[in-house]
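Please read this report with the structure open beside the text.

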Amino acid sequence: MSEAYKKLIKTLQTIFEMDKADLDFGIYRIMNQKRDEINRFLEQDLLPQVRKAFADYAKGGKSEVQTELNQLIKTLTEAGMDPEQSPKVKELRAKAEASVDMVTLENEVYSHLHTFFSRYYDKGDFISQRRYKKDTYAIPYEGEEVKLYWANHDQYYIKSSEHLRDYAFIACDESGKTVRIKLVEADTEKDNVKAESGKERRFVLDAERPLSVENGELHIHFHYIPAGKQKQDALNKKAAETILKQPGFEEWMPLLRQKAPTDKNPERTLLEKHLNEYTARNTFDYFIHKDLGGFLRRELDFYIKNEVLYLDDIDDAAFEVTEQHLRKIKVIRTIAHKIIRLLAQLEDFQKKLWLKKKFVVETNYCITLDRVPEALYPQVVDNPQQREEWVKLGFIEEDTEITLDYLKEYPSLVLDTKFFDETFKNKLLASIDDFDAQCDGLLIHSENFQALNLLQNRFRNQLKCVYIDPPYNTDASAILYKNDYKNSSWLSMINDRVMLAHRLMNDLAIICTAIDDEEVSVLRPILSSLFKKEIGIAPVRSNPQSRKSKGTLSPAHEYALFFGKSDSSQPGSLDATDKQNDRYPLIDHKGRFAWMNFIRTGTNDRREDRPKLFYPIYVDPNNNIRIPSMTWNPNNQQYDIQDNLMPGETAVYPTKKTNSGVIEKRWHRGYQRIIDDPTEYRARRSNNGEISIDFKTRMDANSMPSTWWDKKEYASSNYGAIDLKNLFGRNDFDFPKARVLVEDCLKVSGIVTEKPSVLDFYAGSGTTGHAVIELTRRDNIKRKYILVEMGKHFDTTLKPRISKVIYSSTWKDGKPTNPDTGISHCFKYIRLESYEDTLNNLILKPRTKEQADLLEHHAKLREDYMLGYWLDLETEGSPSLLNIEQFEDPFNYQLNIATGSAGATRPTRVDLVETFNYLIGLTVRHIDTIRGFKVVTGTNPKGESVLVIWRNLKEKDNDALEAFMDTSGYNPRDTEYDHIYVNGDHTLEDPQSKVKMIEIEFKRLMFDVQDV
């Protein structure tokens, strides 16, 4: 076996994850089950095709010609003849020189395949590196005036910061102890951890404080820093050895030393298992390629043209040499295309899972008591979990007695349906008409790409405003990225998510994005490419104390970037600042104003500049003013005055006395405006009797905001932190956004004058929701909000914050200070299946004996199956890919959903009803449960009326369905509903094809995705 062949096999085994046998999560679990089969395909079925491709060419190969030549030379020499004089010898020698060296040719093919595939592969991902020549790369260019390009532009960024920053596992014994691996921020100055180009980062155990015990958990502290040439496996082994020797943690050692053996490592400990899994989860699979097959085929052609096919050699070579080149190229392309097809199958499968609309795995509602029927109050009084939640939120004290009268006295108490059974929830929902119109907010616990993807059909072209505060990608808020792909990873992340948000915005909508200097230069062209109108960029003085830096200026600002979806997008105005109010200190029935001299100053202020604005104003002894009758004389460019002065009146002109004489200037406005509204003007006499004319200059309430924002209330470290401290008695966020800043961003985004929906898919601590509720509380203009967040603070901060600001506008140390300001409100919160959940719920179906025999005895069929079909076919029916059989009882469809500890899952009931509502884009009007049937009505995105009926098929067969339809008055022949959806087979009369089977529509819509 040649070295070139060995290198190629090793490269392909790495690319196909054959070296990750110890990993039991995500796609690796599936690949590990197919390891032997994939290895067999590569080594026994595919690569031997290289030799076979040259077999019919080997007959005239160099070795055969050389053998014939040697034999002829020997024969001639033994006969006493000079072989070099023989024409035949000369012919064979020339032929040998031009003939094919089969071994060399094979090795060249293996070497080129190894070079090509290893060039683009990087720890689970394929990175574009179109090498034109040494140290020179080519990028695709289609004649654009300006092109923004980044290495991962053709890939989905899928990394989740939650996995990196918090990884826990629980003991399998009765102790139930929890061990948590924590990523801690390294001190840049102390540890010199600033990443250098080409220096790969690794997970390194904290040398000073490797372990600690906090809240009964053992914490293992890691840094993610450049580590020279050290391999992660070696660092993990060293970390395990160090941890197991730490004094003072003896009670934890039996847990860490528990055996977790593998075939390769029978002595592996539980600690080693989880260290390897933690680092692997956050080292592999940052991206999914959007079109890996097309990308690699294009790159292969480019590689062959630049590094295999040398045109100069072909011009000078004999035909036989040219034929060798072409045959070699054909073999390289044939084998490479098969490898590419297999790789594309794996990548396209992951892309399908990534883009699949995710299941809703929880739906609940937080609703103020004034919207809860009083008939349900007794169940609220008797619910200890709801009471405990109110105590935790600060709504009531520990000793507060909850009675029916108390509930009626405090209608802004926020009830959470998660503490009640399905019967209670069904009754509550059934009591609310026009449900979606009554629901004020939507909170989604999900990775934001998946949330935006699920919202597409429901909110397409509907939202008025998007506000986001994404990670700035500084050291304090960096996203996960591969070495040397920090900015490229960030661009891939933000581009796809903003593109999905763009589809949800209406034509008048505006997006505001908060960002700092780290990424503003690349974010701006991304927004410019998606949005037609750049409304403005405002530097915001958000950190007056400035952030510490070394060797650079200390930043005290960030930016608010405003872009409109269309040219019709118009920004709103802001409330006046204190400086503006000081400038206009007086108030009348029209608003704030200041008196200003009516004589024009500055440019174009002379009579000759605007002669029609030079006219007299008559002032009587009581300082009353009037405009005399006059007509314009175009000949001498002045007014002819018809009125004479009344006794005591003085004619005042816009003139100014100077040392060189009197200068004729002009008034600010024409005389007709004085006649129309004289209260806007006054005459004023000085001590020496000189008369001046003043006019009211007013603040422009609709003026456009300036591009410099410097209110003191914009400071996150002060005002943002204070808000959280007041609400919770603590602040768990380093840089919570100041609410006033978000309010002003929303105002400029145009949410003041109508009833818009606001989207924030980096919701964080919930400042955007807080801002929307406060604006609504002030002006009573009803606004809706959609907040998306995936972090654990969804439950600890975001959702509680929204409940708190509903109940009271002001708080102090976690207690409400003004419950009388509570508002009537309802918000829904849902949780979505994650991409990791989708992977973990994949199940490979075993092949039948007939299928296995068929593949075993038909090589071409086996190859085609392996290259293109096995993943889709053998995972079909997995719960995460829609198991139609579970629709028999749609109210008990289950997935194994990840819990807080690594690898741990629990069976969780999926909300198929809610999921389907989003899939069809349903605006819900009413939800009810009637005699075992779940009935949902509403309208679809086209405004057509929709009826959805769900049933447990074991309990409600076709006869029961028809009887229910009859008694409820639902007739497919009627025009009441344009579309009717029913799960399960049925025989409902459907003359207009309006009755659709839910299962079929569910699967179509779940996988009917648009590439981003």
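Two strands pair if DSSP finds at least two bridges between them. Helices (H or I, at least four residues) and strands (E, at least two) are DSSP runs, numbered from the N terminus. The model is predicted, so local features need pLDDT of at least 70 and side-chain atom pairs count only at pLDDT 80 or more, while totals for chains, interfaces and linings use all residues. Residues are numbered from 1 along each chain as its sequence is written, and side-chain values use heavy atoms, with hydrogens and water left out.

**Strands around β40**

Strand β40 covers residues 979-982. Its two pairings are set out below.

| Strand paired with β40 | Residues | Sense | Bridges | A bridge pair |
|---|---|---|---|---|
| β39 | 945-950 | parallel | four | V946 with H979 |
| β41 | 995-997 | parallel | three | K996 with Y981 |

In a regular strand the side chains alternate between the two faces of the sheet. Both faces of β40 are covered: H979 and Y981 are buried on one side, and I980 and V982 on the other. Buried means under 20% relative accessible area, exposed over 50%, and partly exposed in between (1.4 Å probe, protein chains only).

β39, helix α36 (residues 958-968) and β40 form a right-handed β-α-β unit. Right-handed here means that, with the strands pointing away from the viewer, the path from the first strand over the helix to the second runs clockwise.

**Two helices**

Helix α35 (residues 912-919) is largely enclosed by the rest of the structure, because eight of its eight residues are buried. Among them are L912, E914, F916 and Y918. At the start of α35, a side-chain oxygen of D911 comes within 3.3 Å of the backbone nitrogen of V913. Just after α35, G921 has a positive phi of about 70°.

Q456 belongs to helix α22 (residues 456-459). Q456 is buried, with a relative accessible area of 4%, and its side chain reaches the backbone oxygen of L500 at 3.2 Å.

**Cavities**

A cavity is a set of points on a 1 Å grid over the protein atoms alone where a 1.4 Å probe fits but cannot get out; lining residues have an atom within 4 Å of a point. Grid points are joined across faces, edges and corners, and a volume is the space filled by probe spheres set on the points. There are five cavities of 30 Å³ or more.

The second largest cavity has a volume of about 130 Å³. Its lining has 13 residues, of which I15, E17, L346, E347 and Q350 lie nearest its centre. Helices α2 (26-33) and α15 (319-355) each give two or more residues to this lining, and α15 gives the most, with four.

Notes
1 Å grid on protein atoms, 1.4 Å probe; cavity = no way out; pocket = protein on both sides within 12 Å on 5 of 7 lines; lining within 4 Å. Polar contact = N/O pair within 3.5 Å; in protein donor to acceptor, adjacent residues only side chain to side chain.
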